[in-house]
Every structure is written in structure tokens, then in C-alpha cells.
Amino acid sequence: MSSRVLVLNGPNLRRLGTREPDVYGASTFDDLVALCRETGRRLDLHVEVRQTDDEAEMIRWVHEAADERLPVVINPAAFTHYSYGLRDALAQRTAPLVEVHISNPAAREEFRHTSVVAGVATGTIAGFGMLSYVLALQAVAELIAQDAAKS
Ligand code: DQA
């Protein structure tokens, strides 16, 4: 049976395609959903893609993942830079957690150089456009396979 993985997206990411295309590219959120699902099929992962502009909803999803031992790929968007509430929720993780960004925040404004969630993630992938999500799902599939080989 394929493993479930949540791909969680924070504020403004539903507006991909029209939102600052010079920074985030021309692909829409629906394109991102299709790409993640297709990547999941290839890697034998059951991928569920969600987006919210609401911090409380995002934290509830992270609690759900912790309770159900689900791996998470998360683009926390602006929450990355200031949400200690989200960080504390992610710190409760019970499975691999990959932080992703479409752009490379380290090459942008100063306030984007800080990630308050990076320290509780397994790792971070940033700067590859939509490919960041593909690489993150590949990392999750690899980590699941390593875990299975151990047990
Ligand atoms: C982002 C980078 C963040 O700084 C920004 O607030 C976003 C998107 C990215 O994917 O490049 O909303 O997470």
C-alpha cells in the first residue's frame, strides 16, 4: 500500500500563477497539485495537497500529521519567518518533515533569511521553483524506504 504524505502550503500560495510571476513563475496552484500527485504516483506515495491562509488551520493539519505519523512536505510561505506557533506544532512531528520554498529566500529580502521552522525540519529545499516539491517528495520516499529497510 502506498504511504500517505501531506503537502501543506501556507498563505498566498493558492494565487500562484498570478502572484509575482517574476519570483514564483507562471505555474498555477492547480499545476502544483497535479505535479505533486504525478510525482507521488511515480514514487508510490499517496500525496494530499492542501493550502490555507489561516495559521490555526495549518497548525491543526500539522497536529493531524503528528497524530497519524504522516510525513509532511510544507511550504509555510510567510509563516516561515515569524510563526513560533507553527514551529512548536512542527516540533511534535512523528515522521519526516521537509520544508520547501519555490524561491530562494536566502537571496531575497533580509526578513526572509530567517526560518523559524528550519530547526525542526528534517531538511530544507529552496530555490528550484516547482521542482523544489518534486525533490522534497523524492527525499520523503527515500526516507520512508530507509526506515522500512531498518525494521
Ligand atoms: C516562499 C518564500 C516566502 O518568503 C514567501 O513569504 C512565500 C513563498 C517560497 O515558496 O518561495 O510566500 O515560501
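By class, 9 nonpolar, 1 polar and 1 charged residues make up the lining of the largest cavity in this predicted model. Here Ala, Val, Leu, Ile, Met, Phe, Trp, Tyr, Cys and Pro count as nonpolar, Asp, Glu, Lys and Arg as charged, and the others, Gly among them, as polar. The lining consists of Val62, Ala65, Ala66, Leu70, Val72, Leu90, Arg93, Thr94, Ala95, Pro96 and Leu97. Helix 3 (residues 55-67) gives the largest share of this lining, 3 residues. Helices (H or I, at least four residues) and strands (E, at least two) are DSSP runs, numbered from the N terminus. The volume of the largest cavity is about 70 Å³, and a search of the whole structure finds 1 cavity of 30 Å³ or more.

On a 1 Å grid over the protein atoms alone, a cavity is a set of points where a 1.4 Å probe fits but cannot get out, while a pocket is an open set with protein on both sides within 12 Å along at least five of seven lines; lining residues have an atom within 4 Å of a point. Grid points are joined across faces, edges and corners, and a volume is the space filled by probe spheres set on the points.

The model is predicted, and local features need pLDDT of at least 70, side-chain atom pairs count only at pLDDT 80 or more, and totals for chains, interfaces and linings use all residues. Residues are numbered from 1 along each chain as its sequence is written, and side-chain values use heavy atoms, with hydrogens and water left out.

The largest pocket holds about 150 Å³ of space. Its lining has 14 residues, and Tyr24, Ala77, His101, Arg108 and Arg112 lie nearest the centre. By class, the pocket lining divides into 6 nonpolar, 5 polar and 3 charged residues.

In an unreviewed UniProt entry, the annotation "active site" covers Tyr24 and His101; UniProt positions are given in the numbering used here, feature names are shortened, and annotations may be inferred rather than shown by experiment.

Tyr24 is found in helix 1 (residues 21-24) and is buried, with a relative accessible area of 10%. Buried means under 20% relative accessible area, exposed over 50%, and partly exposed in between (1.4 Å probe, protein chains only). Not counting residues up to four places away in sequence, Tyr24 touches Leu16, Arg19, Ile102, Ser103, Arg108 and Arg112, where contact means heavy atoms within 4.5 Å. His101 is found in strand 4 (residues 97-101) and is buried at 7%.

Gln51 belongs to strand 2 (residues 45-51) and counts as buried at 9% relative accessibility. Its C-alpha atom is separated by 7.0 Å from that of Leu13, 38 residues apart along the chain. The side chain of Gln51 makes a polar contact with the side chain of Arg14 (3.1 Å). A polar contact is a pair of N or O atoms within 3.5 Å; within protein, one must be able to donate a hydrogen and the other to accept it, and residues adjacent in sequence count only if both atoms are side-chain atoms.
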